[in-house]
Amino acid sequence: MIKRSTYKSGYLPYLLILPQILVTLTFFYWPALQGLIQSFLLSDPFGQSSKFVGFYNYIELFQDPLYLKSILTTLTFSIAVASVSMALGLFIATMANRALRATALVRTLLIWPYAVAPAISGILWLFLLHPSYGIVALGINKWLGADWNPVLHGRDAMIMVTIASSWKQISYNFVFFMAGLQAIPKSLIEAAAIDGASPFKRFWAITFPLLTPTFFFLSVMNIIYSFFETFGVIHTVTQGGPGGSTNILVYKVYQDGFVGLNLGSSSAQSVVLMSLIILITVLQFRYVEKKVQYTG
Amino acid sequence: MKLSRLFVVFAVGICLALPAAVCAEPVTINWWHAMRSARGKVVDEMIKQFNQSQSEYVVVGTNKGNYDEVLNAGVAAFRAKKQPHILQVFEVGTQTMMMSGSIYPVHKLMAETGHKIDWSNYLQAVLSYYMDADGNLMSMPFNSSTPIMYYNVSMFEKAGIKPLSKTDPITWDELGEITKKLVDDGISPAGMVTAWQSWIQIENYSAIHNVPFASKANGYEGLDCELMINNPLVTSHIERLKTWAKDKRFMYGGQKYQGPKSEFIAQNAAVYMDSVSGIAKLKKANLEFKWDAAPLPVEASMKSPQNSIIGGASLWVLNGHSKKEYEGVAAFLSFLATNEMQSYWHKETGYFPITLNAYNDLKAKGYYKENPLQTVGIDQLNRAVPTKISRGLRLGYFVQIRNIINEELELVWNGKKSPKEALDNAVARSNIQLRTFEKTYKK
């Protein structure tokens with residue numbers, strides 16, 4: 001039997017959740033509503049005049065081939081960031097979960113990069129990979145004979161921002177995978193080992209299925225991270241270039257709205273972005289969650 | 001008791017009898033600007049001197065971040081009815097400010113507060129950027145610069161190329177020969193780099209050759225203007241740069257100035273085009289090679305090149321303040337235009353003095369003899385009377401348009417598009433922006 005506690009007064013629970021509701025309404029729903037309204041308007045930044053234009057902003061947006069390209073860029077980028085950082089996070093967590101001598105120290109060191117802000121992470125990688133002053137870039141061009149130039153080539157720029165964005169997210173994923181791994185009963189793995197299952201088999205048959213809740217949670221978090229928080233990386237490293245090859249949706253919202261002061265288009269883009277992330281999350285819950293095993 | 005009441009009556013009496021100024025606090029004038037670090041200190045010093053020079057007004061300068069952030073802060077403050085008196089806005093925001101309906105035009109402010117200003121005494125190429133179609137000044141120019149060409153003298157000497165003139169521009173063909181020699185002889189890995197490609201290679205290139213950047217006199221005469229940068233001259237210029245990129249006479253170093261500058265400093269490129277503000281940056285870098293500056297190259301067909309155009313920012317006076325406060329704003333703006341302030345500003349920051357008086361004063365004092373680099377930009381700016389085409393650009397959503405141009409040019413440099421395709425596309429995409437802007441402001 002699950003123990004349930006109930007409130008005697010009918011008002012008290014509502015009163016207790018009131019602060020959270022107020023915060024959510026003020027800081028989430030109200031701005032979102034404002035954005036939605038603004039997306040149907042054309043208005044000057046100073047708010048002197050604005051007029052209702054229906055779906056004009058949306059139509060303009062979807063007639064722009066570059067906007068559609070930007071959606072594709074965003075999807076490519078976020079899938080790349082999520083898979084790279086989760087794969088490496090899981091790999092490192094599995095390694096660190098073994099009996100090591102300095103476990104605590106190793107784990108702490110591995111968590112560190114998460115404390116680095118995305119913008120800083122971007123700058124760090126820029127210093128390594130910039131074609132004219134990046135030490136790694138000089139090495140690549142000199143010894144590998146490759147023509148590495150993220151200032152000029154879209155593909156190289158994409159690789160650079162993906163590395164910079166994934167790098168700091170690996171730590172985040174590491175923490176959750178680590179916690180997930182530690183929650184797996186040792187007895188299961190030991191029993192499998194006695195039955196002669198190879199380490200690889202043990203991982204796929206036992207560890208991985210039991211990690212699916214973590215995996216699912218992280219996939220949602222990583223997609224959201226790569227959609228929004230990677231702004232700092234893009235802003236410091238490529239500013240969406242070259243030739244718009246790293247212009248992800250959230251950066252375009254910033255450029256059109258904050259820098260370019262086209263509030264209508266920028267709001268329409270925010271609404272599209274919001275819908276896209278809602279859609280992705282719903283899809284994840286509907287199709288991926290079915291495969292998740294919540295209890296061992 | 002009686003005595004103190006008498007004293008109060010007496011004090012009130014004095015306050016009523018004398019002009020308000022004696023009892024009242026000085027009037028505060030707020031100025032939001034984007035000047036930080038070294039420039040910020042110069043701005044603070046100018047404000048301090050103004051505040052010490054009189055007691056009626058106190059100017060409070062606040063740095064609100066970079067240009068984008070300052071403009072956004074101004075917009076947000078205006079919507080909350082807490083706007084500053086003076087807002088510094090970058091040149092690409094000029095059209096947005098002019099159309100905003102939230103500004104007090106500077107020519108009107110000066111006339112209505114009784115300041116008689118001889119506008120002909122100002123540098124016309126600077127002033128014209130901020131004028132309306134009828135030649136009225138809308139905002140006060142503050143920090144203005146223009147692009148020039150820096151070159152590595154040591155490399156030139158090695159290749160046996162004579163130093164360039166500081167007043168007479170070389171032709172693009174000559175630059176092609178120079179960079180070819182430098183690259184072919186193995187003296188420099190690449191020929192030229194350019195900062196701010198849209199501003200220097202298209203906007204200034206068009207102005208210097210007197211070809212319109214946009215219709216309707218570059219947008220001065222109507223919101224229904226269209227971009228015209230896919231004309232034969234600009235197209236062939238971009239084609240030339242593309243050809244040069246193939247044999248390393250041109251190298252792409254990024255949209256802003258940091259990348260190109262580091263290529264020049266690392267001696268990966270012998271020629272570097274950037275704003276005059278580069279003078280201070282290169283001096284600070286303590287380069288191990290000799291360098292100098294020259295005007296931007298022109299086409300051989302252009303016998304008398306036009307003035308280049310400016311970049312930078314100007315000071316906008318915002319609506320919604322009292323007459324008394326506007327008198328203070330006008331006093332402060334005229335104070336900034338004095339010779340002392342202008343020469344101080346010019347010497348410390350490298351931005352141009354905005355009046356001819358200040359320029360001549362500095363010249364008479366021998367400043368330009370000691371600092372010949374500073375004349376390159378000014379001479380290039382003043383070498384001709386600005387035409388309707390070379391006076392500046394007045395485009396809505398100019399920030400987005402520059403982004404579009406940057407994007408399309410990058411697609412030329414990395415080989416995804418031909419120059420013609422890219423420029424056609426840039427025009428088409430920019431025109432959509434211009435139409436949206438027009439639609440927003442059309443009554």
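This is a predicted model: local features need pLDDT of at least 70, side-chain atom pairs count only at pLDDT 80 or more; totals for chains, interfaces and linings use all residues.
Chain B is divided into domain 1, made of 15-145 + 310-381, and domain 2, made of 147-308 + 396-441. Between the C-alpha centres of domain 1 and domain 2 of chain B the distance is 29 Å. In the contact between them, domain 1 of chain B takes part with 17 residues and domain 2 of chain B with 23 residues.

On the side of domain 1 of chain B that touches domain 2 of chain B, helices α5 (94-99) and α19 (373-382) of chain B each supply at least two residues. The most comes from α19(B), which gives seven residues to that side. Sorted by class, this side of domain 1 of chain B has eight nonpolar, eight polar and one charged residues.

## Where chain B meets chain A

One residue with contacts in both chains is B:Gly253. B:Gly253 sits in the loop between α12 (232-246) and α13 of chain B. Is B:Gly253 buried or exposed? It counts as buried because 27 other C-beta atoms lie within 10 Å, and 20 or more are needed. Leaving aside neighbours within four places in sequence, B:Gly253 is in contact with A:Ser132 and A:Val151 in chain A, and with B:Val193, B:Gly259, B:Pro260 and B:Glu263 in chain B. B:Gly253 and B:Trp196 are 57 residues apart in sequence, yet their C-alpha atoms are 9.9 Å apart in space.

## An open sheet in chain B

Four strands of chain B form an open sheet in the order β6-β7-β5-β8, with mixed pairing. Strands of a sheet pair through backbone hydrogen bonds, either parallel or antiparallel. At the edges of this sheet are β6 (190-194) and β8 (291-294) of chain B, each of which pairs on one side only. From one strand to the next, the twist averages 20°.

Strand β6(B) and strand β7 (residues 269-275) of chain B run parallel and are joined by four bridges. Within these strands, B:Met192 stands opposite B:Val271 in β7(B). Helix α9 (residues 172-184) of chain B packs on the sheet and touches β6 and β7 of chain B. The direction of α9(B) makes about 130° with that of β6(B).

## A buried strand and a buried helix residue

Strand β4 (residues 140-145) of chain B is largely enclosed by the rest of the structure, because six of its six residues are buried. Five bridges join β4(B) to strand β9 (residues 311-317) of chain B, and the two run antiparallel. The bridge partner of B:Asn143 is B:Ala313 in β9(B).

B:Ala313 also has a distance to B:Thr94: the two are 219 residues apart in sequence and 8.8 Å apart in space, C-alpha to C-alpha. B:Thr94 lies in helix α5 of chain B and is buried, with 24 other C-beta atoms within 10 Å. Apart from neighbours within four places in sequence, B:Thr94 is in contact with B:Tyr130 and B:Arg394.

## The nonpolar cores

The largest nonpolar core has 133 residues, and the members that touch the most others are B:Val126, B:Met149, B:Tyr151, B:Ala269 and B:Leu333. Its largest share, nine residues, comes from helix α20 (residues 398-413) of chain B. Domain 1 and domain 2 of chain B each provide at least three residues of this core. Not counting residues up to four places away in sequence, B:Val126 touches B:Pro141, B:Ser144, B:Ile310, B:Phe352 and B:Ile354. Apart from this core lies another, of 34 residues, including A:Phe77, A:Trp148, A:Met160 and A:Leu210.

## A hardly covered helix in chain A

Helix α6 (residues 135-144) of chain A is hardly covered: of its ten residues, one is buried. After α6(A) comes A:Gly145, which has a positive phi near 70°.

Conventions. Residues are numbered from 1 along each chain as its sequence is written. Chains are lettered from A and ligands numbered from 1 in the order in which they are written. A nonpolar core is a set of buried Ala, Val, Leu, Ile, Met, Phe, Trp, Tyr and Cys residues joined through C-beta atoms within 7 Å. A residue is buried if 20 or more other C-beta atoms lie within 10 Å of its own, exposed if 12 or fewer, and partly exposed in between; C-beta atoms are placed from the backbone. Domain bounds come from an automatic or database domain assignment. Two residues are in contact if their C-beta atoms, placed from the backbone, lie within 7 Å. Two strands pair if DSSP finds at least two bridges between them. Axes are lines fitted to C-alpha atoms, for helices over the stretch in contact, and angles run from 0 to 180 degrees between N-to-C directions. Ala, Val, Leu, Ile, Met, Phe, Trp, Tyr, Cys and Pro count as nonpolar, Asp, Glu, Lys and Arg as charged, and the others, Gly among them, as polar.
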